[in-house]
2 protein chains.
Amino acid sequence: MDAASETELVPSGEGRPVASRRKRRGSGRDRILECALEAFCEIGYQATSVRDIAQRSSVSVPGLYHHFSSKYEILLTLIRRVMNDLIVETSKAVQDGGSDPVERLGAAVQAHVKFHTERQQESFLGNTELRSLGPEERTEIVALRDQQQAIFGTLIAEGVAAGRMHAGSVQGATRAIVTMCTAVASWYRPGGSLTSESVADQYRAYALAIVTGHLP
Amino acid sequence: MDAASETELVPSGEGRPVASRRKRRGSGRDRILECALEAFCEIGYQATSVRDIAQRSSVSVPGLYHHFSSKYEILLTLIRRVMNDLIVETSKAVQDGGSDPVERLGAAVQAHVKFHTERQQESFLGNTELRSLGPEERTEIVALRDQQQAIFGTLIAEGVAAGRMHAGSVQGATRAIVTMCTAVASWYRPGGSLTSESVADQYRAYALAIVTGHLP
């Protein structure tokens, strides 16, 4: 069958998303964040030292401490940033999606999927290293995840109320759709045969099938 | 909205699946595997030492080496075992699922989902530590994943050929369904309000909606 190739399931063939080919940004702070992200995805947060991050970023250890008080602050900054960006982009897509709940849900799905084709490493980090956050910060990030999921849940509840969607369980359909769309980060290959937009369109159709019964 | 609670998104509230409450098995080998799995999920493979695993398993380091030649062998054994078990259980469900491709796909989805509600830590490990495998072993595990995905792909292709399913892209629908069902391992809470069976039924309906257009 056509889906069964290594490249489909494992971006980079290395079992973790690799850095996109965009140019390293100039600022020391941004470079440190990018290099830390790479290291955390390659060997894990616990196994990465501040020295590793400094070396990858071509800054001294004191230079790194000028920007961040700890490795932990870097991790938290990365996970916070990606969640906030995701919420902003999805909310914007919903606002621009018109008044029909089906169209708005479709727009949310497309935004969420497109985001996850573009921010694969950060998505992997958020899924794997939530374990490394302290209780307070974990609560904060989980609340941001809930906020993102609530965008979808609200749209589905509206769609059901308007008779435009059907869901035995709004919560169940919401979770299925959001996790299906998030998983795109685990297999998408930038530069492969599928564009980010075509995947977003595909998943829009799958998500709407679940709540409207219209075939993709 | 009802989906937005911490407990829904983060089993154990710790950002990683916790060990199920089943009793530790007697044999030294099995106990070592179980304790290594816990450690790898808590702090990551790279950050876990052989000494850590021995301590958690209440065996000496030489005692551990009696069963495994290295930490790497333990990781590989865990990842291999869960993939093989998944393929066996799904294949069995398909065989018992009758002759109708829709029923067979439904049975495959239920088996895959149920498995992921029961083997959450191993699923997390397979997703996070594929990066830690060498090229040859990574290829082996990716081939097993492909084999699991091919079970679904073949059923969908058969369903389409028989006029019982519709899929713009068999590959796309297969991937969406399998990843949606795998993600159950990331949020399911054993002992919570949803039984393993009820989630399996829910996901059967979502998956069939994607390829048949029949509402869940």
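Student: What handedness is given to the crossing of α5(B) and α7(B)?

Tutor: The crossing of α5(B) and α7(B) is called left-handed. That name applies when the near helix is turned anticlockwise from the far one by less than a right angle. Keep in mind that this is a predicted model.

Student: Which values describe how the axes of α5(B) and α7(B) lie?

Tutor: Two packed helices are described by the angle between their axes and the distance between the axes. Here the axes of α5(B) and α7(B) cross at roughly 115 degrees and come within 10 Å. On the α5(B) side, B:Leu78, B:Ile79, B:Val82 and B:Met83 take part, and they meet B:Glu122, B:Ser123, B:Leu125 and B:Gly126 of α7(B).

Student: How do you know what span to expect of helix α2 of chain B?

Tutor: The expected span is 1.5 Å times one less than the number of residues. Helix α2(B), residues 28–43, has 16 residues and should therefore span 22 Å. Its end C-alpha atoms lie 22 Å apart, so the two values agree. Just after α2(B), B:Gly44 has a positive phi of about 100 degrees.

Student: Which residues of α2(B) are buried, and what do they pack against?

Tutor: Among the buried residues are B:Ile32, B:Leu33, B:Leu37 and B:Phe40. The buried residues of α2(B) pack against α3 (50–57), α4 (61–67), α5 (71–95) and α7 (120–128) of chain B.

Student: What makes B:Asp30 buried, exposed or partly exposed?

Tutor: B:Asp30 sits in helix α2 of chain B. B:Asp30 has 13 inside 10 Å, so it counts as partly exposed. B:Ser57 is 27 residues from B:Asp30 in sequence, while their C-alpha atoms are 9.5 Å apart.

Student: And why does A:Ser49 get its label, buried or exposed?

Tutor: The neighbour count of A:Ser49 is 12 inside 10 Å, so this residue counts as exposed. A:Ser49 belongs to the loop between α2 (28–43) and α3 (50–57) of chain A. Its C-alpha atom is 9.5 Å from that of A:Ala36, 13 residues away along the chain.

Student: What is buried in α2(A), and what covers those residues?

Tutor: The buried residues of α2(A) include A:Ile32, A:Cys35, A:Glu38 and A:Phe40. Their cover includes α3, α4 (61–67), α5 (71–95) and α7 (120–128) of chain A. Beyond the end of α2(A), A:Gly44 takes a positive phi of about 100 degrees.

Student: Which elements make up chain A?

Tutor: Chain A has 11 helices and zero strands. Of its 216 residues, 50% are buried. Of the contacts in chain A with a separation of 6 or more, 65% are between residues 24 or more positions apart.

Technical notes
Residues are numbered from 1 along each chain as its sequence is written. Chains are lettered from A and ligands numbered from 1 in the order in which they are written. This is a predicted model: local features need pLDDT of at least 70, side-chain atom pairs count only at pLDDT 80 or more; totals for chains, interfaces and linings use all residues. Helices (H or I, at least four residues) and strands (E, at least two) are DSSP runs, numbered from the N terminus. A residue is buried if 20 or more other C-beta atoms lie within 10 Å of its own, exposed if 12 or fewer, and partly exposed in between; C-beta atoms are placed from the backbone. Two residues are in contact if their C-beta atoms, placed from the backbone, lie within 7 Å. Axes are lines fitted to C-alpha atoms, for helices over the stretch in contact, and angles run from 0 to 180 degrees between N-to-C directions.
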